[in-house]
Amino acid sequence: MTGQLLVATPTLKDPNFDRTVVLLVAHEQGGALGVVLNRATEVPVAEVLGNWGELAGDPAVLFEGGPVQPESAICLARTRPEVKKRVTGFHPVAGSLGTLDLSADPERLRDNVAGIRVFAGYSGWSAGQLEEEIAAGSWFVFDALPGDPFVERPDDLWAMVLRRQGDILAAVAHFPPDVSLN
């Protein structure tokens with residue numbers, strides 16, 4: 001499922017994942033790893049990572065990638081369409097989307113990268129755990145679009161991804177956060 005989106009169903013009430021959209025950057029026999037795409041902080045990337053802030057898309061802030069190791073950072077990047085060569089420090093996830101090594105020099109990557117997002121922490125699942133959560137109805141699984149990690153209004157991503165599925169799933173995008181208040 002690497003490169004796919006996990007979209008929290010309205011029944012998932014874990015505060016770490018309520019109404020989140022997670023991009024899976026790795027899914028292997030031993031488990032899965034992803035980053036929450038729609039939880040922006042107010043901390044500018046430049047404040048924490050200097051020149052990397054110039055490559056960050058709008059909003060150019062750190063994102064909460066998940067509850068695991070919030071002191072660590074994962075960088076997602078999208079290569080420019082015209083780049084056909086291997087980019088040093090770039091590890092493909094799906095198509096032009098991949099993770100980027102933050103120990104590299106951002107100036108050397110400027111011509112190859114169309115944008116980045118930096119995530120503090122990540123979301124992780126042990127072997128079989130994610131599959132159990134999906135079977136229990138906690139997550140919808142959808143194909144990601146290349147621009148999903150880089151939307152300018154990340155707060156709207158949960159509803160946006162659901163609406164584009166059509167039919168009954170589009171209606172889920174309007175599910176109230178608390179049905180008891182309805």
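Reader: How many helices and strands are in the protein?
Author: Five helices and 10 strands. Bear in mind that this is a predicted model.

Reader: How does its radius of gyration sit against the globule rule?
Author: The radius is 16 Å, close to the 16 Å the rule gives for 182 residues, so the protein is as compact as a globular protein of that length. Along the principal axes, the C-alpha atoms fill a box of roughly 50 × 35 × 30 Å.

Reader: What share of the residues is buried?
Author: Of the 182 residues, 43% count as buried. The protein exposes about 9,400 Å². Carbon and sulfur atoms supply 52% of that area.

Reader: Now strands. Which way do β1 and β2 run, parallel or antiparallel?
Author: Antiparallel. Three bridges join β1, residues 4-8, to β2, residues 21-28. V7 stands opposite V21 there.

Reader: And what links β2 to β3?
Author: A hairpin, through two residues. The two strands pair in the antiparallel sense over six bridges, with β3 covering residues 31-36. A26 has L33 in β3 as its bridge partner.

Reader: Switching to D105. Where is it?
Author: D105 is in the loop between β8 (97-100) and α2 (106-109).

Reader: What does the side chain of D105 lie 3.1 Å from?
Author: The backbone nitrogen of E107; the 3.1 Å runs from that nitrogen to a polar atom of the D105 side chain.

Reader: How far is D105 from D58?
Author: Their C-alpha atoms are separated by 21 Å, and the two residues are 47 apart along the chain.

Technical notes
Residues numbered from 1 in each chain as written. Predicted model: local features only at pLDDT ≥ 70, side-chain atom pairs only at ≥ 80, totals over all residues. Heavy atoms only, no water. Pairing = 2+ DSSP bridges. Helix = DSSP H or I, 4+ residues; strand = E, 2+ residues; numbered from the N terminus. Polar contact = N/O pair within 3.5 Å; in protein donor to acceptor, adjacent residues only side chain to side chain. Rg over C-alpha atoms; globule rule 2.2 N^0.38 Å. Buried < 20%, exposed > 50% of the residue type's maximum accessible area, 1.4 Å probe, protein only. Areas by Shrake-Rupley, 256 points an atom, 1.4 Å probe, with all protein chains shown as cover.
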